[in-house]
Amino acid sequence: MAVLRIHTFPDPLLTRTSERIAEIDGRVAGYVADMVETMYAANGVGLAAPQVGLLERAIVVDTDSENRGLAPLCLLNPEVVEAEGDITWEEGCLSVVDYTAEVQRSARVLVSGWSVDQEEVRIEATGLKAVCLQHEIDHLDGKLFLDHLSPLKRGLYRKRLKKIKRSGELPDDGVPRI
Ligand SMILES: [Zn+2]
């Protein structure tokens, strides 16, 4: 297993649409294991394959703060099949340096996908887990949480990013990155 480099905004790779995984084999299981290791090493609660430079539809999620590391959820070709209600959540992202913002998403989702053992999986989620699943599936479609914000807020972030890059400082605000 290996810790992979995480691509960050404004890397154009993050705006591309990922391919469906046609065959779940050892190669896929291998990079999914690397993604899990990378997510934990970066202290994130979720990670999507394009964030580590792979344009394939794979995500890993672990929102269980009490049993962290015990059962990471690894989903291939995930799709939201049911969504209802609204929830607003303060989101951060491992690919968006030093910025968080409130994003509105569905409050409950049913997500279908496949495990690395080639089994069909259905996950029902609410709260942070629902937010995280929607955020990661967005990554597979080339979308960041910034794309849910107004152009004004996005512009402010671009300015702030320039400032951060000049100063080289990364403040820690305690919001989980997904
Ligand atoms: Zn993210």
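I first looked up how far apart in sequence the contacting residues are. In this predicted model, 68% of the contacts with a separation of 6 or more join residues 24 or more positions apart. Two residues count as in contact if their C-beta atoms, placed from the backbone, lie within 7 Å.

I noted the conventions. Residues are numbered from 1 along each chain as its sequence is written. Local features need pLDDT of at least 70, side-chain atom pairs count only at pLDDT 80 or more, and totals for chains, interfaces and linings use all residues.

I then listed the elements. The chain has 3 helices and 7 strands, in the order α-β-β-β-β-β-β-β-α-α. These are DSSP runs numbered from the N terminus: helices are H or I with at least four residues, strands E with at least two.

I looked up burial. Of the 178 residues, 34% are buried, meaning that 20 or more other C-beta atoms, placed from the backbone, lie within 10 Å of the residue's own.

I turned to the largest nonpolar core, which has 41 residues. Such a core is a set of buried Ala, Val, Leu, Ile, Met, Phe, Trp, Tyr and Cys residues joined through C-beta atoms within 7 Å. Among the elements that give it two or more residues are α1 (26-41), β2 (58-61) and α2 (127-140). The most comes from α2, with 7 residues.

I ended with M35, one of the residues with the most contacts inside this core. Beyond its neighbours within four places in sequence, M35 is in contact with L47, A49, V52, A58 and V60.

Key. Buried ≥ 20, exposed ≤ 12 C-beta atoms within 10 Å, placed from the backbone.
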